[in-house]
Amino acid sequence: MELRLIHTRELDQAALLADSIFRSPGDTSMKDLFPLLFRPGLSHSYAAFDQDGTLAAFMGLVPFSLKSGSSLLNVFSIGAVCTAPAYRGQGLAGRLFALCCSHAARAGGSLLFVSGDRSLYTRAGCVPFGGTLLAELSSRSAEALAKTSGNAWTLRPMQPGDLFEVNRLLGEREAGHVHSPAELALLLGAGAYAGVLRHTQRTLVAVRDGSIEGFAAVALPPADGSSAPRPAVALEWAGRPQAVAALLAKAATCSSADALHVTVPWQERSLLALLREAGAAVAGGANSGTVCIADRNALLRQTLAERAARNISIPADAEDAALISLLFDPASPLRTPDAPGEQEPLRTLPLPYLSGLNFI
C-alpha cells in the first residue's frame, strides 16, 4: 500500500470514491460541492493506493487564511475522509491523518480543523473548541425579528455584481475566512454545506441608498414535501447586525421550513441580542467539529498580536488541549479569575463558525 500526496490527475478517482460513500443517486457530486478539494490546482490532500493503482482511501486537506481579530492564522481543514469498503480495518485513515498533520506543520500551518469528532481524530489529539450559541427562529420569533430590525433596507437576492461589496463585508468581520472575490464566488456557487444537508442554498443582500449593508447565505429544505419538515440553516452572514437580522427574518418567514437555525459565534453580541429580543430560543455549545495543533510555535507566533491585545497569558507548560481552551474557549475552566469589571470573552480569540460556506 502506497500512502502519498495525491496528484491532480487522480482527483476524479477520489471524488468517485467520496460519492460512493457520502452521496446517493441523483445527489450533486462531491466534486461539484467541494471544488477546493477536487478541482485541478495545488492539491494538499493525501490518499492510499493499492499495488495495482486502486485508490483505497482519501483524506481531503485544504489551506485557509483565518482572521482572528488583528491576527491572521494559517490553518488547514480536513474533510471528505473515506475508505473503500474492501480496505477498511487496515488503519489507513489514521496513517493518512498523520501525513496530513505533518504536511500542515511543514507548510506553516498552525491549526488543523476537522469536520468530525470520531475516535480517529480524538485519539490523535483533536478536541472540541470555541463557543457558539444556536438560535432557533420560529415563525413567531422571525416575525418579531423582522419588526425589531426595521424596514430600512431593500432585501433581494444577491447578484453577480454584488460580489466585491459582499466580500468587503465578510472581510470586515472580527473573525472569518479570508478570500479573494474569485474564491468567494466559487464557494457561493458550490453551496457545499447546503448540499450536504440536501438543501438549496439562497444568498440575500440588504441594500440601503445603493449600498449593500448586509449579506446572508441560507440553506433551505425542499419545498415539495418530499421529506419530513426540517429546519433551514443560516450558513454565513456579514454586515450591520440589524441588516443581517432583517435578512434572517426574511429567510425564515419565506421558507417552508419549520424553523431557521442560526449558529452565532460568541463574539457577535449585537446579533445575538437582536435574536434574543425577538424571542428566539438560544442554547450554547462549542464550534463545529474538532481541532488539533499542527505546529505549536506557529500558533503562538500567529496569535501573538491578538493575545497581547486581549491579555491572554499561556503557561509555558500548557498541553495542547489546554492551549486550545485558553485561546478559544470563552468559558475556559483553565483561565485565571478575571480582574474586577473585566469581561471574560475579551480574553478569548474569536473564531468564525466552521460549518458555513467554508465547510470541508
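Tutor: Helices are DSSP runs of H or I with at least four residues, numbered from the N terminus. In this predicted model, S332 lies in the segment that follows α14 (320-328).

Student: Why is S332 called buried?

Tutor: Buried means under 20% relative accessible area. S332 has a relative accessibility of 6%, so S332 counts as buried.

Student: What makes the pairing of the side chains of S332 and S325 a polar contact?

Tutor: A polar contact requires a pair of N or O atoms within 3.5 Å, one able to donate a hydrogen and the other to accept it. The side chains of S332 and S325 are joined at 2.7 Å. The side chain of S332 also reaches the backbone nitrogen of L334, at 3.2 Å.

Student: Which residues does S332 contact, leaving aside neighbours within four places in sequence?

Tutor: S332 is in contact with S325 and L326, where contact means heavy atoms within 4.5 Å.

Student: Why is T148 called partly exposed?

Tutor: Partly exposed covers the range between the buried limit, under 20%, and the exposed limit, over 50%. The relative accessible area of T148 is 30%, and therefore T148 is partly exposed. This residue is found in helix α6 (residues 139-149).

Student: What does the side chain of T148 reach?

Tutor: The side chain of T148 reaches the backbone oxygen of L145 at 3.1 Å.

Student: How far apart are T148 and L274 in sequence and in space?

Tutor: T148 and L274 are 126 residues apart in sequence, while their C-alpha atoms are 7.7 Å apart in space. Not counting residues up to four places away in sequence, T148 touches Q242 and E277.

Key:
Residues are numbered from 1 along each chain as its sequence is written. This is a predicted model: local features need pLDDT of at least 70, side-chain atom pairs count only at pLDDT 80 or more; totals for chains, interfaces and linings use all residues. Side-chain values use heavy atoms; hydrogens and water are left out. Helices (H or I, at least four residues) and strands (E, at least two) are DSSP runs, numbered from the N terminus. Buried means under 20% relative accessible area, exposed over 50%, partly exposed in between (1.4 Å probe, protein chains only).
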